[in-house]
Amino acid sequence: KVKVSVDFFNIDYFRYSHDEVVNNFKTNQYDIVGISAVVSTAYAYTKYLSKLIKEVSSKTIIIVGGNLAASAEILLRKCSVDYCVIGDGELIMQNLVIALAEDTITDKKLELIKGISFISKDNSFVFTGYGDRLPADLIETPDFTILEKNGSLSHFIYETKEMHGGEEGIQKLIKPRGKNSMITLTTKGCVARCTFCHRWEKGYRVRPINQVIDHI
């Protein structure tokens, strides 16, 4: 078994300055950094961030996941990115980390890991194919202690306020004041076909209701 310790550097929430980002990666010298990036609007920052990390921590391996990884070859060739995770990352990321922990990693070993993309030794773009979808009952509940540790819990569990629609014809929305709201994961997937987005598979999976209730 490979034992790892994980830090969550929540740039999206804290909006760290350039110097704060540099200091974090220069000080910690992480073995692996995973970047979650959404649609194309995240490309410029992902390129900037991956280059910055390599400049201050050259041995760090950078992995990008999320919908932006649909453009994996661009990320691998134009940014300082080593691997892309395609699709649900929970199991794929674990398999990739285990492989990277070995003394030697070869293209043949990487090709056995479904759901990743990389540039081979002969400079070819490689996509290993889609992995199996994570069953609904194995979709993990977020560990909120991580958010408590870095001080961003209030973004996910927060006190509600009264809100009104700003334009005539928009239905008035009122939430009870002084009550807590929480963002929770009940399904995975999407049935929409938004032009600005990318989905990995058709349809969606619904988590078992007892797991959702236990989490709440």
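How many salt bridges does a search of the whole structure find? The search turns up seven, a salt bridge being a side-chain nitrogen of Lys or Arg within 4 Å of a carboxyl oxygen of Asp or Glu. The model is a predicted one, so local features need pLDDT of at least 70 and side-chain atom pairs count only at pLDDT 80 or more, while totals for chains, interfaces and linings use all residues. Residues are numbered from 1 along each chain as its sequence is written, and side-chain values use heavy atoms, with hydrogens and water left out.

On confidence, pLDDT (the predictor's confidence in each residue, from 0 to 100) averages 87 over the chain, with 90% of the residues at 70 or more. Where pLDDT is low, the predicted coordinates should not be read in detail.

Now for Lys188, which pairs up with Asp88 in a salt bridge whose closest N and O atoms are 3.6 Å apart. This pair ties together distant parts of the chain, 100 residues apart: Lys188 sits in strand β8 (residues 187–189), and Asp88 in the loop between β3 (83–85) and α5 (89–100). Helices (H or I, at least four residues) and strands (E, at least two) are DSSP runs, numbered from the N terminus. Lys188 also forms a salt bridge with Glu90, and here the closest N and O atoms are 2.6 Å apart. Again distant parts of the chain are linked, with Glu90 in helix α5 and Lys188 in strand β8, 98 residues apart.

As for burial (buried means under 20% relative accessible area, exposed over 50%, partly exposed in between, with a 1.4 Å probe and protein chains only), Lys188 and Asp88 are both buried. Lys188 counts as buried because its relative accessible area is 17%, whereas Glu90, at 26%, is partly exposed. Asp88, Glu90 and Lys188 join Arg205 in a network of salt bridges.

Elsewhere, Glu102 and Lys109 meet through their side chains in a salt bridge at 3.2 Å, N to O. Glu102 is partly exposed at 39% relative accessibility, and Lys109 is partly exposed too, at 34%.

Finally, Ser181 belongs to strand β7 (residues 180–182). With a relative accessibility of 18%, Ser181 is buried. Leaving aside residues up to four places away in sequence, Ser181 touches Phe156, Ile157, Tyr158 and Thr160.

Note on methods
Contact means heavy atoms within 4.5 Å.
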